[in-house]
Amino acid sequence: QVKLVESGGGLVQAGGSLRLSCTFYGGAFSSYDMGWFRQGSGKEREFVAAISVSGLPAPAADSVKGRFTVSRDNTKNAVSLEVLRLEPEDTATYYCAAHESFGMPGRTASDYTYWGQGARVTVSS
């Protein structure tokens, strides 16, 4: 059974940066496309970034383009999300997700089969 565990959330001042990590357990990581989503208080879960099995990033969400970078290390069964120039609007719980590759990483939550427990990011102004 696949299990995803996020780490790296926390409280950051606006303009700051942090790195979220997600470790994949229980399957063949190199066969799974990986995604990052976030959900703010009272908001729907939204796509942030995704990366294919070969390490090719999908186009990021417009709200984070140029500030968030997704990467993966297939030797460590891990995917990361580096977030720069954080804004209060980035405050949310960030989730990593996985689905078996079908050619390109999904950009909607329904594409994904497995989800982590979430990492809370709070950006103070």
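Colleague: Which residue lies over the face of F29, and at what distance from the ring centre?

Modeller: A charge counts as sitting over a ring if NZ of Lys or CZ of Arg is within 6 Å of the ring centre and within 35 degrees of the ring normal. Here R72 lies over the face of F29, at 4.2 Å from the ring centre. Likewise, R45 lies over the face of W115, at 4.8 Å from the ring centre. This is a predicted model, in which local features need pLDDT of at least 70, side-chain atom pairs count only at pLDDT 80 or more, and totals for chains, interfaces and linings use all residues. Residues are numbered from 1 along each chain as its sequence is written, and side-chain values use heavy atoms, with hydrogens and water left out.

Colleague: How many aromatic pairs does a search of the whole structure find?

Modeller: A pair of aromatic rings is described by the distance of the centres and the angle of the planes. Rings of Phe, Tyr and Trp (its six-membered ring) pair if their centres lie within 6.5 Å; planes under 30 degrees apart count as stacked, over 60 as edge-to-face and the rest as tilted. The search finds 9 aromatic pairs. In one of them, the centres of F24 and Y32 are 5.0 Å apart and the planes stand at 55 degrees, so this pair is tilted. Ring pairs also link F37, F47, Y95, Y112 and W115 into a cluster.

Colleague: Are F24 and Y32 buried or exposed?

Modeller: Buried means under 20% relative accessible area, exposed over 50%, and partly exposed in between (1.4 Å probe, protein chains only). F24 has 1% relative accessibility and therefore counts as buried; Y32, at 8%, is buried as well.
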